Amino acid sequence: HPLTYREEGMAMTIVEGTRPVTGGVDTHLDVHVAAALDPVGGLLGVESFAASAAGYRELLRWMSSFGPVARVGVEGTGAYGAGLSRYLHRNGVEVIEVDRANRQARRQAGKSAPADAVEAARAAQSGRARGLAKTRDGNVEAIRALLVTKRSARNVRIKTLTQIRHLSFTGPDELRERLRGLSPMMLAREAAALRPRATCEPVVYATKLSVQTLGRRVLALDEEAERIDVVLAELVAKTAPSLLALHGVGVDGAASLLVAAGDNPERLRSEAAWAHLCGVSPIEASSGKVTRHRLNRGGDRQANSALWRIVMVRMVSHLPTRAYVERRTKEGRSKLEIMRMLKRYVAR
């Protein structure tokens, strides 16, 4: 069945279904824009599809009409493109994660969804984007969802406690004396136990009511975190028991490292690639006769933080690590330098 398409004003005819196709998708909240390229980079077509299960089926069917789909470059595989990525994975299509559009091409051609879709396809075809996308279809994706909620609860808890302290500092004297010098946990409990009375002065009543409400909010957040911790510990122990067995690795640290690796860690090409993903591999910054490396401040910052916590625990309670720190210190290394070496070692 011949198929005719146009590119740059020229009509061309190819034989449908005989040559592998490379796809590219620019993802959005409601609509995904897809492009298809032939083996030599020729544009076969651009089409829009709904960001839904039915739309995913239509998108893959449309790409397959040009030939067998070799790979698809998808922008936003961790956001708007997560559902599409999962669908393509389940159907045996290799999904390439495309981080950003080519800046030079964008300056020349402008910004549009079809242009971004074509650029995503070209990035996947040329190898400029070569990282396999996370499948996001197993225990690690469940762990990621729990971590998002737990971190949100922790951040809100910190802000709420700060608000309680501020209201107590600026509030009536009796309230300030009652809440003075309490630990965060005791502060929340004491605040929640307040009994504001409408018959009091307006300032006293309003302040006590506000502090009581904030205190109960903190206690509710603590209950949420406890429920999440139980489920999180079970999932991490089921997914990576050997990781938890390592000295200094707790549930939160293991969960952060698992989320960084994803449900398909085989996508990581080497141990060095994993270290680079965690931001613990030095980056070359040489120029001319000067050969040097600089600290990598990129990578997954949550995974980097988990490695930092593991190193801190080992420096305190792990005898081989303490001996290593002592030896490196005698060699003239600073504490920060030693910690960078240990983070790289832990990543390995």
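The following legends describe close-up views of one predicted model.

Residues are numbered from 1 along each chain as its sequence is written, and side-chain values rest on heavy atoms, with hydrogens and water left out. Because the model is predicted, local features require pLDDT of at least 70 and side-chain atom pairs count only at pLDDT 80 or more, whereas totals for chains, interfaces and linings use all residues.

**View 1. The open sheet of 5 strands.** The strand order is β5-β4-β3-β6-β7, with mixed pairing. Helices (H or I, at least four residues) and strands (E, at least two) are DSSP runs, numbered from the N terminus; two strands pair if DSSP finds at least two bridges between them. On average, neighbouring strands are turned by 20 degrees against each other, direction ignored. Axes are lines fitted to C-alpha atoms, for helices over the stretch in contact, and angles run from 0 to 180 degrees between N-to-C directions. Helix α4 (residues 113-126) lies across β3, β4 (31-37), β5, β6 and β7, and runs at about 135 degrees to β3.

**View 2. Strand β6 and its two parallel partners.** Strand β3 (residues 21-26) runs parallel to β6 and is joined to it by 5 bridges. In this pairing V21 has V69 as its bridge partner, and G23 has V72. Strand β6 (residues 69-75) also pairs in the parallel sense with strand β7 (residues 94-98), again over 5 bridges. The chain passes from β6 through helix α2 (residues 82-90) to β7, and this β-α-β crossover is right-handed, a term that applies if, with the strands pointing away from the viewer, the path from the first strand over the helix to the second runs clockwise. Of the 7 residues of β6, 5 are buried, so β6 is largely enclosed by the rest of the structure. Buried means under 20% relative accessible area, exposed over 50% and partly exposed in between, with a 1.4 Å probe and protein chains only.

**View 3. The largest nonpolar core.** A nonpolar core is a set of buried Ala, Val, Leu, Ile, Met, Phe, Trp, Tyr and Cys residues joined through side-chain atoms within 4.5 Å. The largest such core has 27 residues, of which I143, L232, V236, L257, L258 and W274 touch the most other members. At least two residues of this core come from each of α5 (139-170), α8 (202-239), α10 (251-261), α11 (271-277) and α12 (301-317). α10 supplies the largest share, 7 residues. Another core, of 21 residues, lies apart from this one and includes V21, F49, Y56 and A133. Leaving aside residues up to four places away in sequence, V236 touches I143, P241, L244, V251, A254, A255 and L258; contact here means heavy atoms within 4.5 Å.

**View 4. The crossing of helices α12 and α14.** The axes of α12 and helix α14 (residues 335-347) come within 9 Å and cross at roughly 110 degrees. α12 is therefore roughly perpendicular to α14; angles of 65 to 115 degrees count as roughly perpendicular, under 35 as roughly parallel, over 145 as roughly antiparallel and the rest as oblique. On the α12 side, the contact is made by N304, L307, W308, I310, V311, M312, R314 and M315. The α14 side contributes K335, M339, L342, K343, Y345, V346 and A347.

View 5. Q212 lies in helix α8 and is buried, with a relative accessible area of 8%. Not counting residues up to four places away in sequence, Q212 touches A191, A192, L194, R195 and P196. D116, in helix α4, is buried with a relative accessible area of 3%. D116 and S64 are 52 residues apart in sequence and 20 Å apart in space, C-alpha to C-alpha. R136 is in the loop between α4 and α5 and is also buried, with a relative accessible area of 15%. The phi of R136 is near 50 degrees, a positive value in a residue other than glycine. Most residues other than glycine have a negative phi.
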